[in-house]
Amino acid sequence: MALTTKMADASMEIVEGCRLPVLRKNQENEDEWPLAEILSVRDAPGRKLYYVHYVDFNKRLDEWVTPDRLDIKKLQFPKKEAKTPTKNGLPGSRPSSPDRDVRKSLDLNVQSASAPSRGKTLPTPKRKAESVSLASQVSAAMSVPSLPSSAEASQASVYPAVREPFSTKSREDEQLTSITTNGTTRRILPSQPGRKRKNCGTDEMIKVFQYNSPRNASGCLPPGEDSQDSSDGIPSAPRMTGSLVSDRSHDDIVTRMKNIDCIELGRHRLKPWYFSPYPQELTSLPILYLCEFCLKFLKSLKCLQRHLTKCNLRHPPGNEIYRKGTISYFEIDGRKNKTYSQNLCLLAKCFLDHKTLYYDTDPFLFYVMTEYDSKGFHIVGYFSKEKESTEDYNVACILTLPPYQRRGYGKLLIEFSYELSKVEGKTGTPEKPLSDLGLLSYRSYWSQTILEILMDLKSDNGERPQITINEISEITSVKKEDVISTLQYLNLINYYKGQYILTLSEDIVEGHERAMQKRHLRIDPKCLHFTPKDWSKRGKW
């Protein structure tokens, strides 16, 4: 077999852009041969190494492989195509690069009540699909209900099973449209002959029903697929002008490859998932050493030991605004602590692929979560936010470091961001797009938070309890669009006998109770010492 491989290798040269099956282990530790693209080739002592990207897998799985893992028999050479300039006048990516589709959707920010937009399009990077893994970044969070791909699919989520045919006078009558007026999102439903229907406004009272069995809700047609998300979890209209949103048009072969092999941070060694623009001379090191308190990067263990004798920090710089037990949060101003903030961004970029890196950290605040022991405050994760956000973003980037993932710290970071929003008296939402792991975490947090509110509702005078979308938003500080999309994602909101109702089945209730029993880490508002600042009056901060 080895001789055959050598002969095949001699007869055909594998170059960048080739595609072929590559041997790897799946989650069950079984052999599989997914199709992969060769991104780079390098000579090692006695053999060649190939850097491969597994097509339709997340980039964090990219790796260097040896020739014996390649299936040469199914080798596909890159197609020769003429290079065409892009819209920006920049040269296009290599013909062998995976296609990046442009997603078109409704721009909710430019609609008005008098003249609803036809659906302004925004370019969005299409993420690679990956088998479900609970610690992934989140490709994009759910947004306000937008124009569905087909009227039939969207109508199923709000109409009873028996309905009359729609009028086909104009195109506007065939689709659901969402209009934003004075900060309130309202759905415009298609007209139906002989039948009047109320608009689903955020101020409209919604009755909450609790059924012993899902079958009892036969009068309601549950929604189908989540209308907010496409098949790969990307919402219809993520914002591409965000402070830290990555511009995928500038992707090249360098940024598509991991450049750091290993990072030593305190007692942990981390394997980076993505490219991070550390200095070029450090990328060839087998291990990059970081001071876990100031995050300064050093090239050797001896340099780190010498640095630790001079470094006086035992916690992140900035103000400690929360402490309960061993968990603390520090607020760090990107202008006052610029070096630390830049080092934090460099570390975070190793695990965030959908965000770009800005060396100008002045417009941002960083909230670092730490775990305390006798040696100091050890970084667990962080989130950043703009000092002034025009679109109510309360999170720009959010990350739990890999050693602390799947332990409830991600939800704790999200909960803390909303506690800050409550103190500020605002509703907030994370900046889009989210990573795959971020989307999972936010969906889970939104679901648990909203179900907690609904299950605590008390009925008045023996009637069903009622609540509005606005009330849920005000109680939780979750933006109305996220509340609506979560209710639809959970298949809770239905249209029945002329009004909207929320149907809580036994399965939903039991699943929520099981999840809350496992959620031991919670934010205690009494331990938060935070005074919001009006950054609009501070000039250049």
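The model is predicted. Strand S5 spans residues 47-54 and pairs with S4, and three bridges also join S5 to strand S6. Elsewhere, four strands make up an open sheet with mixed pairing.

- S4, covering residues 35-44, pairs with S5 in the antiparallel sense over eight bridges.
- Within this pairing, tyrosine 54 of S5 stands opposite alanine 36.
- S5 is mostly covered, with six of its eight residues buried.
- S6 (residues 63-65) runs antiparallel to S5, and glutamate 63 in S6 is the bridge partner of valine 52.

**The four-stranded open sheet**

- The strand order is S11-S10-S12-S13.
- S11 (268-270) and S13 (297-298) stand at the edges and each has a single partner strand, so one side of each is left without a neighbour in the sheet.
- S10, made of residues 263-265, pairs with S11 through three bridges in the antiparallel sense.
- Histidine 268 in S11 stands opposite leucine 265.

**Negative surface patch**

- Glu506, Asp507, Glu510 and Glu513 form a negative surface patch.
- Glutamate 513 belongs to helix H9, which covers residues 506-518.
- The relative accessible area of glutamate 513 is 41%, so this residue counts as partly exposed.

Key:
Residues numbered from 1 in each chain as written. Predicted model: local features only at pLDDT ≥ 70, side-chain atom pairs only at ≥ 80, totals over all residues. Heavy atoms only, no water. Patch = residues over 30% accessible without salt bridge, like charges linked within 9 Å, V, L, I, M, F, W, Y side chains within 5 Å. Areas by Shrake-Rupley, 256 points an atom, 1.4 Å probe, with all protein chains shown as cover. Salt bridge = Lys/Arg side-chain N within 4 Å of Asp/Glu carboxyl O. Lys, Arg positive; Asp, Glu negative; His and termini not counted. Charge placed at Lys NZ, Arg CZ, Asp CG, Glu CD. Helix = DSSP H or I, 4+ residues; strand = E, 2+ residues; numbered from the N terminus. Buried < 20%, exposed > 50% of the residue type's maximum accessible area, 1.4 Å probe, protein only. Pairing = 2+ DSSP bridges.
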